[in-house]
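Colleague: I would like a close look at a single part of this protein. Please take it slowly, as I am new to reading models.

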Amino acid sequence: MNIIKNMYYGELFPLWERYPDTKEYAEKTKEILDIQRELLGKFPDVKEYLERYFEAHYGAANEFGFQQFQMGVRIGTQLMLEMMRKVEK
């Protein structure tokens, strides 16, 4: 299972160089960060709480992304094995 984690986190080869962020991804990321800054600016008294929330949210999103990646690798492997299997006539 470590090879999947290494692939996901780009430790085997630099995934970010092979698949650069799209314009849409960059726009959504900027929008999220702008909203985050606005919330922290409007509610300075709950800054610590909001920072904990953002940290938990990003951690959950990262775990979800890894699970989706894992599922994709498994399905891709299963498809390749099915394609390479000899078909009896």
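Is K28 exposed or buried, and what is its relative accessible area? Please go on from there to the rest of helix α3.

Modeller: This is a predicted model, and K28 is exposed in it, with a relative accessible area of 53%. The cut-off for exposed is over 50%, so K28 passes it with its 53%.

Some background on confidence comes before the details. The protein averages a pLDDT of 82, and 81% of the residues score at least 70. Helix α3, residues 23-42, has the highest mean pLDDT among the elements, at 90. The lowest mean, 56, belongs to helix α2, residues 15-18. The protein has 4 helices and 0 strands, and from the N terminus on the elements run α-α-α-α.

Back to K28. K28 forms a salt bridge with E31, and the closest N and O atoms are 3.6 Å apart. The two residues are 3 apart in helix α3, so about one helical turn separates them. E31 has a relative accessibility of 39%, so E31 counts as partly exposed.

K30 counts as exposed because its relative accessibility is 52%, while D34, at 32%, counts as partly exposed.

D34 has another partner. Its side chain also meets that of R37 in a salt bridge, with 3.0 Å from N to O. D34 and R37 both lie in helix α3, 3 residues apart, or about one turn of the helix.

Q36 lies in helix α3, and at 16% relative accessibility Q36 counts as buried. The cut-off for buried is under 20%, so the 16% of Q36 falls below it. Leaving aside neighbours within four places in sequence, Q36 is in contact with F54 and Y58. F54 is one of the buried residues of helix α4, together with L50, F66 and Q70.

Helix α4 covers residues 47-84, which makes 38 residues. At 1.5 Å a residue, helix α4 should span 56 Å, and its end C-alpha atoms are 55 Å apart, so the two values agree.

Helix α3 also holds L39. L39 is partly exposed, with a relative accessible area of 30%. Together with I35, F43, V46 and Y49, L39 forms a nonpolar patch on the surface. The accessible area of this patch is about 450 Å² in total.

Finally, some values for the whole protein. Of its 89 residues, 9% count as buried. The protein exposes about 8,200 Å², and carbon and sulfur atoms supply 59% of that area. Among contacts between residues at least 6 apart in sequence, 50% join residues at least 24 apart.

Note on methods:
Residues numbered from 1 in each chain as written. Predicted model: local features only at pLDDT ≥ 70, side-chain atom pairs only at ≥ 80, totals over all residues. Heavy atoms only, no water. pLDDT = per-residue confidence, 0-100. Expected span 1.5 Å × (residues − 1). Buried < 20%, exposed > 50% of the residue type's maximum accessible area, 1.4 Å probe, protein only. Patch = residues over 30% accessible without salt bridge, like charges linked within 9 Å, V, L, I, M, F, W, Y side chains within 5 Å. Areas by Shrake-Rupley, 256 points an atom, 1.4 Å probe, with all protein chains shown as cover. Salt bridge = Lys/Arg side-chain N within 4 Å of Asp/Glu carboxyl O. Contact = heavy atoms within 4.5 Å.
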